[in-house]
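Hi,

Here is the structure for you to look at. My notes come after it.

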Amino acid sequence: MITRTRLAAGACALLAALTAGIAFPAPAAAGEPTGEDAPKVNLVLDVSGSMRTRDIDGGTRMAAAKQAFNEVLDATPEEVRLGIRTLGADYPGDDRKTGCKDTAQLYPVGPLDRTEAKTAVATLAPTGWTPIGPALLQAADDLDGGDGSKRIVLISDGEDTCAPLDPCEVAREIAAKGIGLTIDTLGLVPNAKMRQQLSCIAEATGGTYTSVEHTDELTDKVNQLVDRAADPVVTPVATEGADACAKAPTLKSGLYTDREEFGRQRWYRVDVEPGQELRASVSVGADRAVNPSYGVLLRAVTVHGREIVRGEAAGNGRTDVLSTGLRYPKAASDEEDAPAETVCLQVTNSFSVAAGVKTTPGLPVELTVDVVDGPSDAGDVASFGLGRGWWLLGALILAGFLAGLLWGWLSRWRFAVWRTN
């Protein structure tokens, strides 16, 4: 029995090893553009009248924000360029038009003087309105310029009071500019309506929303977001696809961002030399409420319209982001001066929205293009054609057949030994 168990385990291990060796290739490194400038963070603090409410650890919301800011300023990495912007800090009156302009840069984005920044924070007192939309627009302008990571951290205890300038629409417009800016939001003792608004703002730019009810939670989260800005990131390059391949921009290896209208298509071109392989993937973000059963399709076609290969079209109505990808190896040529092939990439989506939901700007699209040397030996998964799937199935069948033969031979041998003895 022990021998039989060991043999079975050995056969399973052999099969698993063969399968793993085929199914999990080493990933290829893509030449993606990265930001080299210093990371920038703009802390946007709500200083409206409601911030005087005493419901955070026995103190006011303003006191909790000040304490958190002082600790964050002490812990900010040296390489981060940090600024502080306020909303609702200066105008105490009832004129809505004036109150909705009440946003100011308390401390400019740049090298941090901790003493000066803390002194500025200490002067704040809960005052006026909650113009979140206008404050976000100004905060984005504060971060303008440079290729490094850019992050806005918005801290508020209430929803915007300056509609119709919807903060969600403002966030989408900022994302549509393709400047690589992320907005993270933190809600102090939030209600359902505020939670929905702050979540929408964050999702529009790929940021995060966090509910905060204690001072230490606020400190820890802001510190985490500031530290995250200092981490190396890949900055997508803004591009604009066309409605036909002939008009499409030619892309090289890298990470790109674009916007695509609902139910429409975008075209891009990539040149692939003989002996190279094109690897492309696309993700579409649902940055607003969409109807279920949606998907995205990526196709590679020739300039004459013949389909070369396509990714899987997927959509189940339960995810906010859908992705797909494809691989196209171009055969090597015996000619030294063989021309490159222009491959047209088509991105199509099947998203739709309910009545009343704005369809502009289009959905955010993130496209990765990687052109690498093609497979040169059997160790490369691409040479097995795994994109088509049948090679993997054949390898599994062969492994099972060999394991069966080995097991049968060992069983007959053991039976013969038993009869002889």
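Below are the findings, element by element.

This is a predicted model: local features need pLDDT of at least 70, side-chain atom pairs count only at pLDDT 80 or more, and totals for chains, interfaces and linings use all residues. Residues are numbered from 1 along each chain as its sequence is written, and side-chain values use heavy atoms, with hydrogens and water left out.

**Cores**

The largest nonpolar core has 32 residues. A nonpolar core here is a set of buried Ala, Val, Leu, Ile, Met, Phe, Trp, Tyr and Cys residues joined through side-chain atoms within 4.5 Å. Buried means under 20% relative accessible area, exposed over 50%, partly exposed in between (1.4 Å probe, protein chains only). Leu45, Ile155 and Leu218 touch the most other members. Several elements supply at least two residues each, including strand 1 (40-46), strand 6 (150-156) and helix 8 (215-230). Helices (H or I, at least four residues) and strands (E, at least two) are DSSP runs, numbered from the N terminus. Helix 2 gives the most, with seven residues. A second, separate core of 28 residues includes Val270, Val284, Tyr328 and Phe351.

**Thr86**

Thr86 is in strand 4. It is buried, at 3% relative accessible area. Beyond residues up to four places away in sequence, Thr86 has contacts (heavy atoms within 4.5 Å) with several residues, among them Leu45, Asp102 and Leu124.

**Helix 6**

Helix 6 (residues 167-176) is mostly covered, with seven of its ten residues buried. Those are Pro167, Cys168, Glu169, Val170, Ala171, Arg172 and Ile174. They pack against helix 5 (132-142), strand 7, helix 7 (192-204) and strand 10 (254-260). At the start of helix 6, a side-chain oxygen of Asp166 comes within 3.0 Å of the backbone nitrogen of Cys168. Gly178 follows the helix, with a positive phi near 70 degrees.

**Asp57**

Asp57 sits in the loop between strand 2 (54-56) and strand 3 (59-60). What does Asp57 touch, not counting residues up to four places away in sequence? Glu213, His214 and Thr215. Asp57 and Thr215 are 158 residues apart in sequence, yet 7.1 Å apart in space, C-alpha to C-alpha.

Best wishes

How values were computed
A polar contact is a pair of N or O atoms within 3.5 Å; within protein, one must be able to donate a hydrogen and the other to accept it, and residues adjacent in sequence count only if both atoms are side-chain atoms.
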